[in-house]
Amino acid sequence: MSAEATNPATPGPVAPATPRRRSRPRIDLRRLVGAALLGPASRGRLPDAIGHVVEAHRAHHPDAELEPLHRAYVLAESSHRGQMRKSGEPYITHPLAVTLILAELGAETTTLTASLLHDTVEDTDVTLDQVGEQFGAEVRYLVDGVTKLEKVDYGAAAEPETFRKMLVATGNDVRVMSIKLADRLHNMRTLGVMRPEKQARIAKVTRDVLIPLAERLGVQALKTELEDLVFAILHPEEYEHTRELIVDNASRADDPLAEFADAMRAVLRDADIQAEVLIRPRHFVSVHRAARKRGRMRGADFGRLLVLVNEDADCYAVLGELHTCMTPVVSEFKDFIAVPKFNLYQSLHTAVAREDGQVAEVLIRTHQMHKVAEAGVIALGNPYTAPAEEQTREGAPADGERVDPTRPGWLSRLLDWQEAAPDPDTFWSTLREDLAQDREITVFRPDGGTLGLPEGATCVDAAYAQYGEDAHACIGARVNGRLATLSTVLRDGDTVQLLMGQDPASEPSREWLEHAHTPAARIAIQRWLATHPAPADHENSGPEEGSGAVKPAEPAPRTAADTSTAAAPAERPGAAITVVDRPDATVRLAGCCTPVPLDEVTGFTVRGGVVTVHRTECAAVARMADAGREEADVRWGDTTGCRVTLVAESFGRPHLLADLTEAMALEGAEIVSATVEPPSQQRVRHTYTVQLPDAAHLPTLIRAMRNVPGVYDVDRAQHHASASSGTT
């Protein structure tokens with residue numbers, strides 16, 4: 001862990017000349033213990049150097065056992081003795097500062113113990129075995145998790161492989177990443193003596209990896225300060241402009257947020273709702289984003305109002321009162337209590353306006369929600385130890401069994417795909433891309449299970465999230481009950497049914513890579529493509545076997561019997577259809593609806609005295625009646641056999657055509673002609689004209705065709721008006 005000298009230019013909060021706002025101060029992470037080496041403490045008394053840590057720790061955990069902290073400090077101080085930071089400070093000030101950050105956020109004793117020791121194995125002669133012997137397996141695991149890999153062993157891959165090791169460790173114990181985030185925060189605060197190019201490199205890694213991880217773990221107190229520190233290094237001019245905006249607003253004579261807060265306190269007091277109304281100034285990056293979005297900044301844009309209550313129900317009571325007694329901006333309402341964010345965050349968001357156009361954003365939450373919003377997973381204490389009342393309850397986890405509420409879906413997905421990353425460069429670049437997708441959606445499976453996916457994920461991503469590399473056999477999907485292409489972008493709350501082929505030789509389409517957004521999907525597809533290179537003449541050889549496309553069938557020779565496959569079915573005498581008052585009339589079965597015995601039908605006289613017969617529900621019937629065509633009274637004769645045109649819609653897969661025609665033959669259907677259109681977006685359209693000995697078998701035939709894997713719909717041929725008009 002690099003620990004650099006204090007940077008006097010480190011950005012800090014800009015305060016007005018005189019305090020005017022009633023507000024609870026946010027967690028202040030900028031205090032650094034100044035006295036690090038004050039000599040040995042008296043017997044039974046903690047060293048003075050960690051007094052600040054103890055004070056912050058006891059504020060959250062009054063009954064905490066402090067003896068491990070005492071021993072950890074003594075080992076860390078003696079091990080680092082003689083080591084200095086570049087500023088000339090004793091090195092021990094760094095682990096002390098990191099531990100203070102975590103203590104103020106409410107970390108429990110084990111985390112603080114490991115934090116004091118987090119650099120000992122990396123920078124001193126202390127070994128992991130010694131840490132384990134003196135402090136136990138948990139502390140050993142945490143220290144190991146944040147210990148860097150040596151450059152002498154890994155070279156340029158040391159940084160990405162260190163992060164890979166750290167993320168794997170975080171998958172088993174999220175406290176590893178808590179220590180890493182606090183460590184990076186202190187190092188970012190003290191980056192001033194580094195060369196500008198090294199400052200920029202560290203800031204970029206912080207921006208691309210550590211800040212997204214802090215966001216996903218819900219540690220907003222660390223995330224916001226890291227954002228401001230990175231902003232100051234990478235965008236100094238924009239940072240300075242933002243600082244000037246904040247200073248100018250602080251010097252205003254009026255304070256719209258304070259006026260909004262007073263009005264809210266009065267409303268809630270009259271409603272007899274116990275609540276604190278506080279003002280939360282925006283941090284630098286938040287002000288910068290708001291200025292870019294809104295242009296001219298108004299006084300109420302520089303902060304938000306925070307309403308803290310005791311119970312969940314009180315949150316909704318506050319919301320009701322504010323929306324009743326003030327002017328709500330309805331479009332700004334969001335309920336993150338009923339539907340928490342993926343990073344544990346819960347709160348009600350709304351906004352209220354007043355007549356002069358000022359709009360105040362309002363956050364409504366309980367005190368516990370606020371603690372979690374600030375400290376995220378750190379606020380959970382030790383997530384692997386059940387509360388005392390649960391430990392004595394029947395059915396509590398057995399010894400050694402961990403129930404981890406901090407293992408969210410995004411972390412599980414990250415751990416899964418990192419195993420498949422073929423090299424450190426792929427892992428490093430893919431990690432940054434994955435973490436850049438900072439919003440998550442939840443989609444539902446038909447069995448009631450859920451899949452957590454990043455925003456923008458498609459059905460391809462859902463397939464690989466659910467089935468891993470078995471998703472190569474996916475042939476399609478239904479989204480909310482409707483057929484959808486695998487490229488369909490999913491939305492939060494969608495229900496996704498993935499349609500899987502039965503052929504073990506099924507392979508992914510090369511097009512899928514264009515629609516894969518998650519690392520798991522991209523890596524799996526890329527790995528398959530790398531082992532199945534396309535042939536050199538791929539562009540000229542038509543759809544590749546196994547690429548998810550069915551090759552069009554060779555057109556059959558046209559015969560007199562084949563004329564029924566087009567828009568104009570064969571003319572036949574009245575053996576099947578009889579015209580009641582003209583039994584010898586020439587009859588033509590309409591190609592737009594392909595009527596068969598048992599259908600209700602009607603007829604129209606067209607050119608040459610020919611009678612065309614349509615199903616009564618055919619759309620062409622109304623058009624022909626409107627056109628003044630003479631209607632003919634028709635009925636089915638004694639013949640039960642029929643010729644019918646069926647259209648099958650399917651996803652492309654190898655051997656589909658053979659399986660489909662076999663299923664039709666087993667049902668006694670004689671295929672008169674068949675055409676298969678070229679694949680489009682992995683869909684294939686088949687048109688078959690078949691002869692059936694009995695029209696009553698048609699529903700059974702359609703069901704058999706629909707049961708063929710890859711076929712998602714089969715129906716009688718239905719043509720548009722232009723097709724049907726050709727029969728007249």
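## Briefing: charge patches, aromatic pairs and selected loops

D335 lies in strand 4 (residues 334-335). Helices (H or I, at least four residues) and strands (E, at least two) are DSSP runs, numbered from the N terminus. This is a predicted model: local features need pLDDT of at least 70, side-chain atom pairs count only at pLDDT 80 or more, and totals for chains, interfaces and linings use all residues. Residues are numbered from 1 along each chain as its sequence is written, and side-chain values use heavy atoms, with hydrogens and water left out.

**Pairs of positions in space**

- D335 is partly exposed, because its relative accessible area is 22%. Buried means under 20% relative accessible area, exposed over 50%, and partly exposed in between (1.4 Å probe, protein chains only).
- D335 and T350 are 15 residues apart in sequence. Their C-alpha atoms are 8.8 Å apart in space.
- S87 sits in the loop between helix 2 (67-80) and helix 3 (93-104). It counts as partly exposed, at 35% relative accessibility.
- S87 and T190 are 103 residues apart along the chain. Their C-alpha atoms are separated by 9.1 Å.

**Charge patches on the surface**

- Patches are made of residues with over 30% relative accessible area and no salt bridge; like charges are joined within 9 Å, and nonpolar side chains (Val, Leu, Ile, Met, Phe, Trp, Tyr) within 5 Å.
- A salt bridge is a side-chain nitrogen of Lys or Arg within 4 Å of a carboxyl oxygen of Asp or Glu.
- Lys and Arg count as positive, Asp and Glu as negative; His and the chain ends are not counted.
- K293, K334, K341 and R439 gather in a patch of positive charge.
- R439 belongs to the loop between helix 20 (424-436) and strand 7 (440-444). With a relative accessible area of 52%, R439 is exposed.
- D581, E630, E631 and D633 gather in a patch of negative charge.
- D581 is in the loop between strand 13 (577-579) and strand 14 (587-589). D581 counts as exposed, at 60% relative accessibility.

**Aromatic rings**

- A pair of aromatic rings is described by the distance of the centres and the angle of the planes.
- Rings of Phe, Tyr and Trp (its six-membered ring) pair if their centres lie within 6.5 Å; planes under 30 degrees apart count as stacked, over 60 as edge-to-face and the rest as tilted.
- By this rule the model has 4 aromatic pairs.
- F231 and Y239 form an edge-to-face pair, because their ring centres are 5.8 Å apart and their planes stand at 75°. Both F231 and Y239 are buried.
- F336 and Y345 also make an edge-to-face pair, because their centres are 6.0 Å apart and their planes are at 70°. F336 is buried, and so is Y345.
- F231, Y239 and F284 form one aromatic cluster.

**Positive phi outside glycine**

- D272 is not a glycine, yet it has a positive phi of about 60°. Its place is the loop between helix 14 (256-270) and strand 1 (276-281). D272 counts as exposed, with 69% relative accessibility.
- N480 is not a glycine either, and has a positive phi of about 55°. N480 lies in the loop between strand 9 (474-479) and strand 10 (482-484). At 43% relative accessibility, N480 is partly exposed.

Conventions. Accessible areas come from the Shrake-Rupley method with a 1.4 Å probe; for residues, only the protein chains shown count as cover. The place of a charge is taken as NZ of Lys, CZ of Arg, CG of Asp or CD of Glu.
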